[in-house]
Amino acid sequence: MWLYILVFFITFFMMEFMAWFTHKYVMHGFLWSLHQDHHKKDHDSWFERNDAFFIFYAVVSMTFFFLWQNGILDIGLAIGLGIFAYGLTYFLVHDIFIHQRFKMFRNANHKYARALRRAHKMHHKHLGKDKGECFGMLLFPFKHYKNA
């Protein structure tokens with residue numbers, strides 16, 4: 001039981017690194033065409049091409065559920081749930097709290113919350129794919145926390 005809990009938390013925290021890596025080298029790299037509408041709001045749709053990245057990670061998570069369910073990978077459930085939990089956290093923090101795609105959590109005024117918004121704002125000040133900063137979601141340079 002403890003192994004599965006440990007694998008869940010390791011997976012969740014490794015997803016922060018995967019999000020940073022994917023954001024910096026894939027979204028701001030060869031798949032910029034899917035991500036750029038997230039930086040430059042030149043569309044009227046509530047959906048963005050950038051939302052396709054959610055589908056990718058959902059499929060990865062479901063693959064681990066499938067592997068577990070079919071007895072192929074015993075810890076697949078823990079890994080799949082870790083990826084799912086990070087995806088849910090990403091949706092709540094990035095899409096709802098930071099970008100206000102739903103008008104919730106608007107009055108959060110905790111120091112970490114202010115620093116998180118500030119770091120993300122610094123990321124979005126760059127409208128192009130180059131010269132970006134703060135590619136992670138939950139972790140960011142300490143200077144943003146210090147200035148919050």
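**Exercise 1. Work out how helix H3 and helix H4 are arranged in this predicted model, and which residues of H3 and H4 make the contact.**

Solution. Two packed helices are described by the angle between their axes and the distance between the axes. For H3, which covers residues 52-69, and H4, which covers residues 76-98, the axes come within 7 Å and cross at roughly 160°. Because angles over 145 degrees count as roughly antiparallel, H3 is roughly antiparallel to H4. The crossing of these two helices is left-handed. On the H3 side the contact is made by Tyr57, Val60, Ser61, Phe64, Phe65 and Trp68, while H4 contributes Gly76, Leu77, Ile79, Gly80, Leu81, Ile83 and Phe84.

**Exercise 2. Compare the UniProt "transmembrane region" annotation with the helix content of residues 6-31 and of residues 52-69.**

Solution. The unreviewed UniProt entry lists residues 6-31, 52-69 and 75-97 under this feature. In the model, residues 6-31 are 96% helix and 0% strand, with their end C-alpha atoms 33 Å apart. Residues 52-69 are 100% helix and 0% strand, and here the end C-alpha atoms are 26 Å apart.

**Exercise 3. Decide how the rings of Phe17 and Phe21 are placed relative to each other.**

Solution. A pair of aromatic rings is described by the distance of the centres and the angle of the planes. With centres within 6.5 Å as the condition for pairing, the count comes to nine aromatic pairs. The ring centres of Phe17 and Phe21 are 6.2 Å apart and their planes stand at 35°, so this pair is tilted. Both residues lie in helix H1, residues 2-30, and they are four residues apart, about one turn of the helix.

How values were computed:
Residues numbered from 1 in each chain as written. Predicted model: local features only at pLDDT ≥ 70, side-chain atom pairs only at ≥ 80, totals over all residues. Heavy atoms only, no water. Axes fitted to C-alpha atoms, helices over the stretch in contact; angles between N-to-C directions. Parallel < 35°, antiparallel > 145°, perpendicular 65-115°, else oblique. Left-handed = near helix turned anticlockwise from the far one by under 90°. Contact = heavy atoms within 4.5 Å. UniProt positions renumbered as here; feature names shortened; annotations may be inferred. Phe/Tyr/Trp six-rings, centres within 6.5 Å; stacked < 30°, edge-to-face > 60°.
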